[in-house]
Amino acid sequence: MVTDTLLSLASQRIVTPDGIRSGYLHICGDKITGIDETPRGRVIDYHHAMLMPGFVDIHVHGWGRGSFAWKGERDSLRAMSQDLVQAGVTAWLATSATQPEDFLCESLATAAEWIAQATPAEGAEAVGIHMEGPYINPKFIGMQRLDCVQPPSIAGFERYQRAARGHVRLMTLAPELPGALALIRHLHQSGVTVSAGHTDATFDEISEAITAGLSHFTHAFSAMRGLHHREPGVVGALMYYEDTYAEVAKQSGITLRPEVFDILYRLKKDRRLVMMSDCLGYVDFPEGFEFHHYLRQETFRIRQHALEITDCHGCTRTIRAEDWPEVRKLEMSFLDSVKNVVERLAHGWVSAAQVACLNPAILAGVADRKGSLTPGKDADILVLNAEHELHAVWCRGVRQPRVK
């Protein structure tokens with residue numbers, strides 16, 4: 001429960017937009033009220049730890065014991081909010097997938113209810129919805145459902161937005177599809193961030209889309225037309241247009257080689273790079289669901305409410321949702337992804353706070369209250385120890401329980 005008690009978190013390393021400083025981070029209720037050298041109220045001693053804004057994950061289909069995109073249920077959303085905290089995420093966009101129409105509308109309505117009713121005690125805050133599809137190009141279908149792809153439609157989007165009670169904050173689409181430019185203009189005018197993804201657009205088609213209001217690129221380099229010196233494609237456009245944002249998924253070295261990440265960072269710098277997870281929440285997939293992960297070379301299936309994983313050698317292991325130590329290792333955490341790149345960022349943890357916290361908050365439309373340790377914003381705070389592991393997590397002024 002949030003109280004009006006004034007708290008002062010003491011630390012020698014408080015990560016702010018202006019750099020790392022020492023002092024006291026003051027919290028009253030669910031808000032940050034100041035940072036200075038004077039303790040006030042009850043002091044919590046984090047002197048040997050670092051205070052960092054909570055991560056904002058704008059592209060996460062599932063995590064830990066919940067999978068919103070594949071289950072669409074309130075229990076999935078609750079599990080994600082609770083488990084995302086263990087990855088350092090304090091705010092997130094519930095990310096859909098290209099699914100059957102009825103399922104999509106029902107899951108959007110369920111997400112809207114969760115967004116409206118969930119409390120800080122229930123974990124990371126779902127601040128909106130990211131719709132990845134259904135307006136995508138079948139040529140770059142990825143893990144989306146080919147039979148559920150639809151042509152871009154303003155009327156279709158408005159149907160989804162009504163189901164979501166206005167909570168759709170970000171939409172990924174293929175700008176080259178007929179009707180896409182009109183939809184992009186409509187989304188932009190409605191305050192929804194428009195992102196290119198699962199797209200075979202040419203450089204010129206992306207240029208038109210940017211003029212219409214597109215400002216972001218979903219999982220840069222993946223599921224999009226690549227760079228050619230005579231046809232720069234989507235990748236060429238995201239690298240060329242300096243003011244567009246580009247997101248990268250968890251930095252395990254599998255999706256993107258480290259050198260490719262570095263190339264993109266040199267172009268986008270802190271101001272326009274965005275980190276996200278694109279995680280799925282395997283253990284919460286529906287009963288009977290099966291798919292092959294082409295990067296991991298593993299087949300995942302749900303059988304008798306347990307996850308079976310078969311590797312390329314035919315060896316199978318089983319993981320159940322209640323086995324948290326194993327569940328948490330299924331996908332790289334947001335914090336571990338950041339730790340893999342932080343030493344290569346221009347200003348270390350200050351840069352990390354920009355690309356993993358503030359930039360995604362901007363795209364989600366919540367930078368007025370998320371994304372930095374700034375007076376007036378929500379008290380979403382990570383406390384990292386000397387090894388940069390989570391020591392404590394605060395969401396809107398509530399210290400969260402840690403799962404061992």
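Mentor: What follows is an account of the interface of domain 1 and domain 2 in this predicted model.

Domain 1 is made up of residues 7-52 together with 375-400, domain 2 of 53-280 together with 331-361, and domain 3 of 282-328. Taken over C-alpha atoms, the centres of domain 1 and domain 2 are 28 Å apart.

Where the two domains meet, 24 residues of domain 1 are in contact with 24 residues of domain 2. The area buried between domain 1 and domain 2 comes to about 1,800 Å², and carbon and sulfur atoms give 66% of that area.

Charged and polar pairs also span the interface. Two salt bridges are counted between domain 1 and domain 2. A salt bridge joins the side chains of Glu-125 and Arg-396, at 3.5 Å from N to O. Six residue pairs are in polar contact across the interface of domain 1 and domain 2, with both residues at pLDDT 80 or more.

Let us now turn to the side of domain 1 that touches domain 2. The elements that give two or more residues to this side are β1 (6-16), β2 (19-28), β5 (50-53), β20 (381-384) and β21 (390-395). Of these, β21 gives the most, with four residues. By kind, the residues on this side of domain 1 divide into 13 nonpolar, four polar and seven charged.

Key:
Residues are numbered from 1 along each chain as its sequence is written. This is a predicted model: local features need pLDDT of at least 70, side-chain atom pairs count only at pLDDT 80 or more; totals for chains, interfaces and linings use all residues. Side-chain values use heavy atoms; hydrogens and water are left out. Domain bounds come from an automatic or database domain assignment. Contact means heavy atoms within 4.5 Å. Buried area is the accessible area (1.4 Å probe) that two parts lose on being put together, summed over both. A salt bridge is a side-chain nitrogen of Lys or Arg within 4 Å of a carboxyl oxygen of Asp or Glu. A polar contact is a pair of N or O atoms within 3.5 Å; within protein, one must be able to donate a hydrogen and the other to accept it, and residues adjacent in sequence count only if both atoms are side-chain atoms. Ala, Val, Leu, Ile, Met, Phe, Trp, Tyr, Cys and Pro count as nonpolar, Asp, Glu, Lys and Arg as charged, and the others, Gly among them, as polar.
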